[in-house]
Amino acid sequence: MRYYLFLIVVALGAPLAAANDDQLNQIIDAHWQWTLEQYPEKRSEYGDLSGERIWTDMSSAAFARRDQAHAQFIEQLETIEPATLTEDAQLNRSLLLRELRDQRESFAEGLHLMSMNMRDGPQHLHGVTEYLALEDEQDFDNWLARLEALPPLLEQYEALLTEGIARDRVQAQIVMARVPEQLQRVITQQPQDSPFYKPFANLPDSLNLEAQRLLQTRAKTVIAEIVTPAYQQFERFIVDTYLPATRVEPGIGALHGGRSAYSLLARQFTTTEYSPEAIHQIGLAEVARIRSEMQEVLDSLDYAGSLESFNEFLRNDPQFYYQTEAELLAAYQAIAKRLDPELVKLFGRLPRIPYGVRPIPEEIAPDTTTAYYMPPAADGTRPGWYYVNLYRPEVRPKFEMEVLSVHESVPGHHLQIALAQELGELPEFRREAGVTAFVEGWGLYSERLGYDMGLYQDPYSRYGQLTYDMWRAVRLVVDTGMHYFSWSRERAINYFMAQTPKTEADIVNEIDRYIGWPGQALAYKIGQLKMLELRQNAEQALGDDFDIRRFHDAMLGAGAIPLSDLERRMQDWLAQELVLAQHPVD
């Protein structure tokens, strides 16, 4: 009798789950359409050019409206009981709820008032053209319309920063001190020297000469009469009003309620319940472990000095550096070509869309990190791009280039993000999810896959891989140190210098990045450790039946998800693999 009752419950439950899945999907679709309405820059990623002439509304009122919309979406999602959904739908509901709750908590803490720093803010808006397909006259007309709309956007930023002063939500002085010089690169005497003019300098041949002349003339007028005066006013505000109000201390913990805000950021970025104290201890343990592996490399080289003296040797010996930007770029491109053929050893599924290697734009290179990755357009109209920093090649070590390339291109960011975009069975918010603990955790996990790909053959390149692993371990220590334990900037720099051979220029930029972006740096190592743990568990349980390609395909098959959800997913996968191992199918 119980068996028949069970069948009846299942039969009745299936249509109920399908109906509730439909209801959930309606909410998810409505949220996605609302997201595209709110963030016009995102629309072009999907071939929708309706937002090409406007900017995201950055007014305080707009942030408040978005917060209320988040609350309404949460309320709608909470009306659906998870138990009435299919397994995939339960995960969709959970992930969207987490995203919305994180956004509400961040807004309540006033963190949106601190979003500007040396790497992010209106001083870098000229970089938007890196994402745009500027091909015909309408595309350039749209860009000019955006330039004409810059003054009110800058006024909105000014109002947000002013509110941040009133609410004690201000950036660190050391970070914002770089911004006036960045603004000066935008404020030019001649409009054709402006980075905003860059798209008009070499217009496509598909435009006739008269159209080109008219566009260039109009661009010069818009930059000279609208863009430059607006940035001049904004620079005066930054120098005269905002900089004097910034905090002297590097850590967000110096602000009212700052330690609580940092604890929130730590949870959000790592997708764990780890406290800053626990993360700090994890970092110290990882630093000690990696130092011992670094010592093994020194022993293999018969180097009699200390790790610190070896790091100084690597920083200063010319043999480890290229002399010109052209040599450095060619070397990066050569490494990228070596990576792709090795992927079939490690993955059953590979992304269809390609990637390329590009220099970081010279306007931002001095203040940014060694490299970064830009995902492909969601509609497939633009490849992924691995951007490398060619500024001062004498501080870009050769022994870091392999590990850096693995992280930023394949099998790191490009492979993972491009694959996620191709998961057509998932809702759009899942395919473009930027769960930092997963995305950056995967990038760091991928660095070790370089050994399986035939990289790190010489001891210096091996040391470079350990340097990058150490770099992310150090992040746990210095990020929590500055933002939670009141470390000075100098103490953080010195700690970093003592553990790695990274150049002082890189280290200073990194430390200032952590100051301006509290908590983000924690995600890399925490995500990597979880992924390594999951792989070790699977290898031990399956033994000779462990298939690295199947493991990686399962790891990446749901897109970027929080670490707790990843653990559950991989536990389910392992259970299925154990069944297959015991009962193989011909």
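The count of salt bridges here comes to 43, taking a Lys or Arg side-chain nitrogen within 4 Å of a carboxyl oxygen of Asp or Glu. The model is a predicted one. The tour begins with some of these pairs and then moves to other places.

**Stop 1: Asp 469 and Arg 289**

Select Asp 469 and Arg 289 and show their side chains, which meet in a salt bridge with an N to O distance of 3.3 Å. Asp 469 belongs to helix α19 (residues 459-483) and Arg 289 to helix α12 (residues 276-300), so this pair ties together parts that are 180 residues apart in sequence. Asp 469 has 2% relative accessibility and counts as buried. Arg 289, with a relative accessible area of 26%, is partly exposed.

Now extend the selection to Glu 286, Glu 293, Arg 448, Arg 462 and Lys 525. Together with Arg 289 and Asp 469, these residues are linked in a network of salt bridges.

**Stop 2: Arg 338 and Glu 402**

Next, select Arg 338 and Glu 402, whose side chains form a salt bridge at 2.9 Å, N to O. Arg 338 sits in helix α14 (residues 325-339) and Glu 402 in helix α15 (residues 401-408), so the parts tied together by the pair are 64 residues apart in sequence. Arg 338 is partly exposed, its relative accessible area being 42%. For Glu 402 the relative accessible area is 13%, and the residue is buried.

**Stop 3: Glu 510 and Arg 513**

Glu 510 counts as buried at 2% relative accessibility, and Arg 513 counts as buried at 9%.

**Stop 4**

Select residues 87-108, which make up helix α4. The 22 residues of α4 should span 32 Å at 1.5 Å a residue, and this agrees with the end C-alpha atoms, which are 32 Å apart. Colour the buried residues of α4: Ala 89, Asn 92, Arg 93, Leu 95, Leu 96, Leu 97, Leu 100 and Ser 106.

Asp 88 is also in this helix, but Asp 88 counts as exposed, at 59% relative accessibility. After α4 comes Gly 110, which has a positive phi near 75 degrees.

**Stop 5**

Go to the loop between α15 and α16 (413-421), where Pro 411 is found. The peptide bond joining Val 410 and Pro 411 is cis, with omega about 5 degrees.

Move to Asp 302 in the loop between α12 and α13 (307-316). Asp 302 is not a glycine, yet its phi is positive, about 55 degrees. The relative accessible area of Asp 302 is 69%, so the residue is exposed.

Finish at Ser 486, in the loop between α19 and α20 (489-499). Ser 486 has a positive phi of about 65 degrees, although it is not a glycine. With a relative accessible area of 64%, Ser 486 is exposed.

Note on methods
Residues are numbered from 1 along each chain as its sequence is written. This is a predicted model: local features need pLDDT of at least 70, side-chain atom pairs count only at pLDDT 80 or more; totals for chains, interfaces and linings use all residues. Side-chain values use heavy atoms; hydrogens and water are left out. Helices (H or I, at least four residues) and strands (E, at least two) are DSSP runs, numbered from the N terminus. Buried means under 20% relative accessible area, exposed over 50%, partly exposed in between (1.4 Å probe, protein chains only). The expected span of a helix is 1.5 Å times one less than its number of residues.
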